[in-house]
Amino acid sequence: MLEKGTAGGAPGGKASGPAPGADDGYDGPILGVFLAIASLLALIVAARTSDPKMQVHAFVFLAAFLIGGFALGVRHYGGLVSDKSSYMFGVVKAGVIASMFWGLAGFLVGLVIALQLAFPHFMYLPDALWENFGRLRPLHTSAVIFAFGGNVLIATSFYVVQRTTRARLWGGVAPWFVFWGYNLFIVIAATGYLMGITESREYAEPEWYADLWLTIVWVVYLAVFLGTLLKRKEPHIYVANWFYLAFIVTIAMLHIVNNLSMPVSLTESKSYSLFSGVQDALVQWWYGHNAVGFFLTAGFLAIMYYFIPKRAERPVYSYRLSIVHFWSLIFIYIWAGPHHLHYTALPEWAQTLGMTFSIMLWMPSWGGMINGLMTLSGAWDKLRTDPVLRMMVVSVAFYGMSTFEGPVMSVRAVNALSHYTDWTIGHVHSGALGWVGYISFGALYCLVPWLWKKKRLYSNALVEWHFWISTIGIVLYITSMWVSGIMQGLMWRAYDQFGFLQYSFVETVAAMHPYYIIRALGGGLFFIGATIMAYNLWRTARGDVSAREQAPAGGLAAAPAE
């Protein structure tokens, strides 16, 4: 790890390209053979299954594998061989585009279901099952977490690991397999939700065959990342890469264990979990909370540790603090899952264990927040002129707020009020929109000028508009859910003088209606801000500069030349 950022491309460092040399081999023909076998298996499943939903997905897989094989053939026989002495940034560009596409799609679906909760007849068609809340809700969560967030993580990790190691991505066409394979998983998962294919497990709804495909893609992702680190030209491994590596390895373990299941048939979409009862619940929330901890936290902390120092042109505040942050976070987070199961059949000692480690998480989380914020020491003036940096710094503030609120909500007495209420929804979205959303937006605002070799963004003013509109949206969203959730919990536990419940469930729902409208308004503002961002990035990639901002703006310069 580097405190002063002396590596090529590391924060504060001088950029330099990878040393010339042959790319280590991921043999294209081997991938071609794999795709040929996979195509045959998909065709067999499509022909033999009696499940029409499974048949649809078999044909989707078949089409994807055939297209992939055709692309490999064009690459091989058409002489489309890339320059192996340069960085592999084409796959990063594709990741940026996919991130923005899935982000807009996920935010839009979120707005739709927020309006459905506020106005139950909104977009409700009794004969269109795909349009009901039960199917759109997992579509929203998977689109924003795994489609948007996952593509951001893959794209930024491929960029950062190359720049900080001065080495081209390992594996030849393997990074492209990771990108397209992961997005194929997203398509399978999303269409499955709309058709009603689900395991009904939070953050893990895709069925067994989608899980199996993602496992293959993820193993290749790990191989690409490790292979690039092994052939690095820098002796040290920059801190961001440690967080990326922890994210990749831990998510692989979580995914495999939580999705152990027995399919009804190899040609049927339905499967049943290997676990049952309270053991199944414990494994699910061991997975669910650590998906938050390692997918939505560790991976995006890697973005923080690269992009904030790079944008601020300052070294990471404390090398030692980054080490403490890393090891304490990954050790403590893995034990915190049982706090989701207070007042259940889970033994009380296990509930207390989860609560204890959740409270302990407060310390390393705030250590990371302090490290991110203090990186701006000597560069605070940049916040006035650079809204991209401001957005990333605000994301770190939301990270600190969320990682304070989470341990408080894990305490059993507080959890008795908060659990199953909208307070939890507000907490999740303060982290998702404020922390994950803003740090992702900041990274994308940085990457587009760097990758497309533009001197600046199309419009600094549009970033300002995006920042303020979406910030107002987040504040409306989370405050309405805090008020709604606490009111909801208090109404559920209110008794009259005779010892009977004072409010019915319907009365609770009616009382929350104004807050649901405010939530939908906040989500709408956040979606508008993301749309402004997409337009700004598109114009930037084209090389346009706003007529009002022709003069170069300080703090918005592109990265050093590759």
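Modeller: The discussion below sets values against their definitions.

Modeller: This is a predicted model, in which local features need pLDDT of at least 70 and side-chain atom pairs count only at pLDDT 80 or more, while totals for chains, interfaces and linings use all residues. Residues are numbered from 1 along each chain as its sequence is written, and side-chain values use heavy atoms, with hydrogens and water left out.

Biologist: What makes up the secondary structure of the protein chain?

Modeller: The chain holds 17 helices and 2 strands; helices (H or I, at least four residues) and strands (E, at least two) are DSSP runs, numbered from the N terminus.

Biologist: Why is the protein chain called as compact as a globular protein of that length?

Modeller: The radius of gyration, taken over C-alpha atoms, is compared with a globule rule of 2.2 Å times the number of residues to the power 0.38. For 562 residues the rule gives 24 Å, and the radius of the chain is 24 Å, close to that value, so the description holds. Along the principal axes, the C-alpha atoms fill a box of roughly 80 × 65 × 50 Å.

Biologist: Why is threonine 156 counted as buried?

Modeller: Buried means under 20% relative accessible area, exposed over 50%, and partly exposed in between (1.4 Å probe, protein chains only). Threonine 156 has 1% relative accessibility and therefore counts as buried. This residue lies in helix H4 (residues 133–165). Contact means heavy atoms within 4.5 Å; not counting residues up to four places away in sequence, threonine 156 touches Tyr244, Ile303, Phe307, Ala443 and Leu447.

Biologist: Is valine 264 buried or exposed, and how do you know?

Modeller: Valine 264 has a relative accessible area of 51%, and is therefore exposed. Its place is in the loop between strand S1 (261–263) and strand S2 (271–273). Leaving aside neighbours within four places in sequence, valine 264 is in contact with Lys270, Ser271 and Tyr272.

Biologist: How do you know that the span of helix H17 agrees with expectation?

Modeller: The expected span is 1.5 Å times one less than the number of residues. The 38 residues of H17 (residues 505–542) should span 56 Å, and the end C-alpha atoms are 54 Å apart, which agrees. Just after H17, glycine 543 takes a positive phi of about 95 degrees.

Biologist: Why is the pair of tyrosine 438 and phenylalanine 441 called tilted?

Modeller: Rings of Phe, Tyr and Trp (its six-membered ring) pair if their centres lie within 6.5 Å; planes under 30 degrees apart count as stacked, over 60 as edge-to-face and the rest as tilted. The structure holds 47 aromatic pairs. For tyrosine 438 and phenylalanine 441 the centres are 6.4 Å apart and the planes are at 50 degrees, so the pair is tilted. Both tyrosine 438 and phenylalanine 441 are buried, and both belong to one aromatic cluster that also includes Phe107, Phe148 and Trp468.

Biologist: What separates tyrosine 438 and phenylalanine 441 along helix H15?

Modeller: Being 3 residues apart in H15 (residues 422–451), they are separated by about one helical turn. An α-helix has 3.6 residues a turn, so residues three or four places apart point the same way.
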